[in-house]
Each structure stands twice: as C-alpha cells, then as structure tokens.
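Student: I would like to go through some local features of this model. Can we take them one at a time?

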Amino acid sequence: MLALLKRYRELLLLLVLLVFSLVTYFAHAKRPSEPSRFDKLILTVTGPIEKSIGWTITGVLRTWQGYVGLRHSHQRAMDLNRQVIDLQVQQQELLQLKEENGRLRQLLGFTESAPERRYLGARVIGVRLDPKGLQILTLDHGSADGVAKMMPVVVAQGVVGRIQNVMPGISEILLLIDRNSSVATRVERSRARANVRGLNRPDVCALDYALRSEDMIEGDLLVTSGTDGIFPRGLPVGKVTNVKRNGRGLYQAADVVPVVDVTRLEEVLIITSAIAPPGASPPSAQNQRQEAVK
Amino acid sequence: MKLKAILIVVFALVLIGIQNGLLRFLGGGVFSLSLAIPCIVFLGLEDGSIESAVTSAGVGYLLDVFAGGPKGLMTFLAVALFLMMRLVGAAIDVRGRTSFAVLSGVGTFLFGLGALLFLRVVSPPELAPGYRLLPRLFLDGLLTGMVAPVIGLVMRWIDGLFKREEPGLLS
C-alpha cells in the first residue's frame, strides 16, 4: 500500500489538489466568503505594480501627447507668426494709405479753396538735395501730362518750388530752398514786400530786399505776392525769423523758415492754369531786386 | 525548489499587476489578458514535477484572489491546466516559442471556457455567464498567446536559476 502510494504520489497529490480546490469552490460557490487578510495582502502587494504601470503609461502618453501637441503648437505658432507678419505688413500699408489719404485730402481741400486754378497732382519719385548742386525733386508727370517749365508747385501748406525741367514722363522741381530760387512775397499781416531766396538748406531761407521801413516782425507769415509772374498770390511761403536791422543800409535782414518741409514731400500739386509763356526764364535776382525796389 | 516556486508565484503576481495596470489603459474592457496562465503552461510543459503542480495551484490561488469569485475555481482550473499541459508535453515534444505561444493561447481559452462552465453550474440561470463570452475568451487566448513567448523567456530564466549542471562524461 505504501509502495503504491509512493509510486503514484504525484498523481495522488494532483488529485488531492484538484478535489480540494473543487470542493472549496463548490463550498464557497453559494456563500462567497470575504477576502482573508492574506488575500488582502496579495491584493495590496500588486497595488504599487499597478500604480507604477499606470504612471509609466500615463507618463508615456503625456509625453507623447505633449510632444504631438508641441509639434502642433510649433506649427500653429509658425502659422500665427506668418499671419502676424502679414498683418503687420497690411497694417503698415494701411497706415501709409491713411497718411497718404490725409495728405491728399489736404491737397484736395487746397484745390477747392481756389477753384479758379487748375491743378495737376504728381508724386515725388526722386529727391536731389545735394548741397553742392541744385535742390531738385523729380515728379512722375511730365510734358505728356501737360506739365511745362516754370509752373508753380505747391502743397496744402504752401509753396514747394517751380518746374525746372520737363521731360515727356517726368519733370523736375527747383525747390524754394535752392539758392537759385527767389520768390516774391508779402508779409501777410502788414503786406510788406520782400523776396525769399533759398540757401540750399532745407530748414531756412534768406529774406531779401525787405526795406528797413517795412513792418516786419518775427513769426510773420510770408505769402506769395503774385508779382513774379510764376506763383499765384496768397500762397504761404515761410515764417520770418531772426530779423536783423542794421544801423545803416536800405534793407533789413531776416531768415525765413519754409512752411513746407521739402524733405518729407510725397505728393504735390502743379498749378497748370498759370502757365508761363514759352521760354520765360525764372526771375533772376537782379529782376527781383528791381521789383523790390519799385 | 521552494524558492523557485515562490519566485514563480511572485512573478505571476507581478504579471497580474502589470496586466491590471495595462488593461486600465488598453482595451477598455473590449479584451482582456491572462498573463499568469502561460506560467502554468510553462510549468506543465517544461517541469511537470509535483512542486510545479503546487506552484500552479499557488498561481491559481492568486487568480482566485484577483477574480473575486468563489475560491477554488481558478486553483482547480490551474491544476487541471497544469495536468493537461503535462500530458501534452508527454505526448508531443514541444519546443520553440511558437508552440509555447499556441499552447498558452489554447490553454488560456480552455481555462476561460472551464471557468465559464463551472460558473454556469453554480450560478442561478439569470446570473449565469452566457456563451456570448466565447469570442472574448477566444480573443483573450489569442492575445495571451501573442505575449506568451516573452513570459516563457522569463520563466526559462527563472528555471535556469535553479537547474543544477549535470556532470559531463569527461568531468
């Protein structure tokens, strides 16, 4: 018997295991028991494993999602950056248009203030303010557009200069500040006469032929007198400053600050209705002097 | 040998923990895994000793604890699976990872099927699990079979820790 048991020891043990577990199952099947302390211990032991698995997977998922999200964020940031640049360019264009609109409105207001004159709007396409040479702006309108020599060029603020050279598609303005330019003016307040001559400096001109006896003070506005045959009367030219009256001599000296900053011009108006006769030369300093003396 | 049994049971415990952790994120209840069952399959195929039978019962006990149902069913099924695999191992020479994977998959399916049948026996008809669970059991077996080779590798490593080198003829 013992030998038989020894021989089938394994099989018997297997049978015992099977029967015992099966009996246990059927014994507990109808009345399930509560987990024992040992069971709870086993369940507790796996807790950290499950947590670590959860952390690992969550970490991997978060990293992955974060990575993917970052990639999308990067793409989105690139798109937004591109949009910002586009919008900045558009904004800049709109600002320029707004400023241009303002300037054109001023010009329009200026033209409406003197409806008897005919104007031709032109855009400045070139600037030559070399102190060694002529002070010239190039316009995008020329003889083909009806521009002729000696035509006065103005903006809403006042006198810019006169047309010096005309080509079919472009023309050149000799600016008020050029040393070859001389404009017959009057003091708006006192109607005193004088000439404004350029000094090749954009910020200041000289006042010529202002008689000592004339009423002229600092800050007086000089407007065109209309006697030079080029500029219509009443256009602002500059403001008198730095008036000097010497003890002797016929004239008083002063500086004139031009009302138009020629360095910032973009659009101008050419007065086409006061066309000078062909071949007419600009009033020379000698002529101007004679006129002033008269 | 006791240490080996404890190590295998602990390994099974770790596998169950991993399984529970994984299934929290994967599957979402559509499928399940039974990572401890390949351990029993390995014990039946590779060892077949009485200690392995006890170890299988230990793994079955763990499954019982985690199943939450009446105690004894998983233990019984684990020992039965061990026995079956031992018979299979005696009948055919099972080598290679593919064979182990297939047997693990089949064993998992049969384990689940057995549990289903026994639960139907003891449960009231309205609470008894239906045969609609069979596809899930099949999927369970399939997926477990797919990961079984990895478990088999670890089991082989544990087994190798406790194997004594046979003295060679020349030694």
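Student: Which residue just after H3(B) takes a positive phi?

Tutor: The model is predicted. Helix H3 of chain B covers residues 50-67. Just after H3(B), a phi of about 80 degrees is taken by B:Gly68.

Student: What length does helix H3 of chain B reach from its first C-alpha to its last?

Tutor: The helix has 18 residues, for which 26 Å is expected at 1.5 Å a residue. Its buried residues include B:Ile50, B:Ala57, B:Leu63 and B:Asp64.

Student: How much accessible area do the residues of the nonpolar patch on the surface of chain A have together?

Tutor: The patch is formed by A:Met1, A:Leu2, A:Leu4, A:Leu5, A:Tyr8, A:Leu11, A:Leu12 and A:Leu15. Helix H1 (2-7) and helix H2 (9-29) of chain A each give two or more residues to it. Together the patch residues have about 820 Å².

Student: Is A:Tyr8 buried, partly exposed or exposed?

Tutor: A:Tyr8 lies in the loop between H1 and H2 of chain A. Buried means under 20% relative accessible area and exposed over 50%. Because its relative accessibility is 36%, A:Tyr8 counts as partly exposed.

Student: Is A:Val155 buried or exposed?

Tutor: A:Val155 is in the loop between strand E3 (152-154) and strand E4 (159-166) of chain A. Among the residues that A:Val155 touches are A:Leu107, A:Phe110, A:Val260 and A:Leu265. Since its relative accessibility is 2%, A:Val155 counts as buried.

Student: How far apart in space are A:Val155 and A:Leu104?

Tutor: In sequence, A:Val155 and A:Leu104 are 51 residues apart. Their distance in space, C-alpha to C-alpha, is 9.5 Å.

Notes: Residues are numbered from 1 along each chain as its sequence is written. Chains are lettered from A and ligands numbered from 1 in the order in which they are written. This is a predicted model: local features need pLDDT of at least 70, side-chain atom pairs count only at pLDDT 80 or more; totals for chains, interfaces and linings use all residues. Side-chain values use heavy atoms; hydrogens and water are left out. Helices (H or I, at least four residues) and strands (E, at least two) are DSSP runs, numbered from the N terminus. The expected span of a helix is 1.5 Å times one less than its number of residues. Buried means under 20% relative accessible area, exposed over 50%, partly exposed in between (1.4 Å probe, protein chains only). Patches are made of residues with over 30% relative accessible area and no salt bridge: like charges are joined within 9 Å, nonpolar side chains (Val, Leu, Ile, Met, Phe, Trp, Tyr) within 5 Å. Accessible areas come from the Shrake-Rupley method with a 1.4 Å probe; for residues, only the protein chains shown count as cover. A salt bridge is a side-chain nitrogen of Lys or Arg within 4 Å of a carboxyl oxygen of Asp or Glu. Contact means heavy atoms within 4.5 Å. Lists of a residue's contacts leave out its neighbours within four places in sequence.
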